[in-house]
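Please find below a short note on the model under review.

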Amino acid sequence: MRVPAFAADVFAPGHRRKLWWGLWSGYGVAAAFLALAALGVTLGVVPFRWAYVALVGLKVATNSASWWALKRDRFVFETSSLNLVADVLAMTGAIYWTGGVLSPLLPIYAIEITVIALLTNLAVTVRAAGLVLVVYGAMVVATALGEIGRLPPPVALAGGVTPGYLVAHAAFTVFVLAAPTYFASRILVELRAKQRALERTNEALMEAGRNKSQFMANVTHELRTPIHGICGLTDLVETGIYGPVTEEQRDAQRSIKQSALSLLRMIDDLLELARADAGRLEPTVGPVDPREVVQASVDAVRWMRGTKDVELRVEIDDELPTVESDARYLKQIVLNLVTNAVKFTSEGGHVTVRARGEPGALVLEVEDDGPGIAEAERESIFDPFHQVDGSPEREYGGVGLGLALVARLADALGARVEVDSELGHGATFRVRLAAPR
Amino acid sequence: MARVLVVEDDPISAKMIRDFLSAHGHPTVVATTGPEGVSSFVREEPDLMIVDVALPKKNGFEVCFEVKRTERGQRTPLLLMSAVYRDSDHAARYAQDDLRAQGYLVKPFDLRDLLARVEELVPAA
């Protein structure tokens with residue numbers, strides 16, 4: 001049987017501890033009842049009845065069925081439900097055999113409902129209370145109609161409030177007070193411990209948030225400083241002030257510098273992304289020359305190809321609208337798109353960068369003939385650290401920052417990024433900027 | 001020939017600037033902390049100062065402020081430089097408008113640009 005939705009959380013694996021707790025307490029309560037009955041019989045408050053033994057026996061039997069189920073993790077819901085029904089029946093029996101509506105045992109229902117409320121959820125508790133109402137009501141009605149015999153309450157059997165009656169009454173009162181108090185306090189202690197743990201976590205998170213900005217500033221500084229050293233010293237060696245340099249060495253020096261600069265750009269992208277996610281991108285808007293943006297980005301990418309045989313084409317319309325935007329962000333967008341396109345284009349392929357005017361808009365476009373992007377991937381490619389093939393054996397390197405940054409920068413500029421692609425037939429990324437006429 | 005004082009705590013950056021400027025005929029001395037930078041300025045009387053912002057004990061902005069308070073400091077061109085990338089526009093404006101520095105360089109910068117700035121600021125060189 002499937003656990004019904006209203007009780008799903010009660011029977012979830014993380015909740016098992018409470019079920020075990022309810023189980024052991026069931027044995028405890030059964031033992032307490034047996035002791036109370038024995039005390040009552042000894043003091044002559046109630047006569048010995050096999051019914052008492054049968055009621056305790058019923059509870060022990062269903063409780064043991066629950067124990068068996070919990071241990072094997074099978075039929076847990078079924079046996080627990082049976083256990084609950086047996087509780088209600090046993091309590092109603094105890095109330096019936098101690099005088100029905102006149103029985104002093106009525107508060108034991110409250111104990112049961114309190115324990116269930118603490119160990120389960122509202123839906124289960126309400127159903128249990130409903131069951132109590134129905135079973136108790138049936139007993140009362142059956143007694144009133146004379147279907148079952150009316151039995152005298154202990155006070156009548158004892159012949160008034162005798163010392164013996166008072167002792168039994170005191171023992172019962174202690175039981176009625178102690179059981180809910182114990183349960184409630186145990187649960188509260190546990191809740192408070194959880195709350196303290198949550199508060200500590202929360203504080204740690206807030207602290208981490210505060211530290212993050214400072215950390216970012218420090219990281220920037222610490223990472224940029226050595227790159228500054230690499231670039232500067234390579235320049236120095238190249239100029240020959242440390243001695244004569246051959247043409248091959250000069251070439252290698254340039255490559256060292258280019259690599260350092262590419263590392264620098266990655267750091268800048270990462271930081272820009274962190275700023276974007278903290279909602280702190282503040283574009284500096286001014287008139288932008290689209291030709292300069294495209295040319296600067298393409299020039300920066302040219303050397304990055306290294307020995308990779310990818311043809312970079314630039315197509316710029318003669319008539320272009322001027323736009324008000326942030327030139328630095330736009331360059332970063334185009335640069336990332338072109339870098340991406342070159343990365344995913346195989347040897348002998350082409351990457352075309354276009355700038356053209358449309359009515360009311362400037363369009364910057366980067367087209368490649370790489371593997372293309374499947375329909376299902378079009379959205380997620382803009383998530384940070386996402387790559388279409390994220391497996392360790394993937395074909396393409398990189399950390400997957402480029403497009404995430406493009407999306408955020410474009411967003412900060414109020415531009416739209418569109419992707420056209422067909423699997424196996426390349427991809428076109430298009431940035432559309434509103435241009436006043 | 002301009003005599004240059006570089007205040008920079010990163011030894012590689014300091015060596016790089018010193019070697020480069022010296023090779024181009026501008027004798028360069030290096031100080032590695034803020035207070036040392038201020039005392040070197042008083043002792044060496046350089047024609048130009050290049051000051052890193054993130055310095056131990058006293059940061060570059062403070063060094064700049066102290067130097068520019070003196071009569072000689074007002075006549076000495078001072079370039080601030082930093083690898084702290086965040087709000088570089090804001091920092092540049094602060095350096096030039098409030099501290100009266102003659103320039104703000106974001107690391108890594110091209111050494112040839114630095115040389116051009118130095119020779120522009122000390123024309124007698």
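Which residues have the most contacts inside the largest nonpolar core?

1. In this predicted model, they are A:Ile333, A:Val334, A:Leu337 and A:Val338, in a core of 38 residues. A nonpolar core is a set of buried Ala, Val, Leu, Ile, Met, Phe, Trp, Tyr and Cys residues joined through C-beta atoms within 7 Å. Helix H10 (327-344) of chain A is among the elements that supply at least two residues each, and H10(A) gives the most, with ten residues.

2. Beyond its neighbours within four places in sequence, A:Leu337 is in contact (C-beta atoms, placed from the backbone, within 7 Å) with A:Val366, A:Val406 and A:Phe429. Apart from this core lies another, of 36 residues, including B:Val4 and B:Leu80.

3. Chain A comprises eleven helices and seven strands, taken as DSSP runs (H or I, at least four residues; E, at least two) numbered from the N terminus. Of its 437 residues, 27% are buried, that is, with 20 or more other C-beta atoms within 10 Å of their own, all placed from the backbone.

4. At the interface, 18 residues of chain A are in contact with 16 residues of chain B. H7(A) gives the most to the chain A side, with 13 residues.

5. Residues are numbered from 1 along each chain as its sequence is written, and chains are lettered from A and ligands numbered from 1 in the order in which they are written. As the model is predicted, local features need pLDDT of at least 70 and side-chain atom pairs count only at pLDDT 80 or more, while totals for chains, interfaces and linings use all residues.

Conventions. Two residues are in contact if their C-beta atoms, placed from the backbone, lie within 7 Å. A residue is buried if 20 or more other C-beta atoms lie within 10 Å of its own, exposed if 12 or fewer, and partly exposed in between; C-beta atoms are placed from the backbone.
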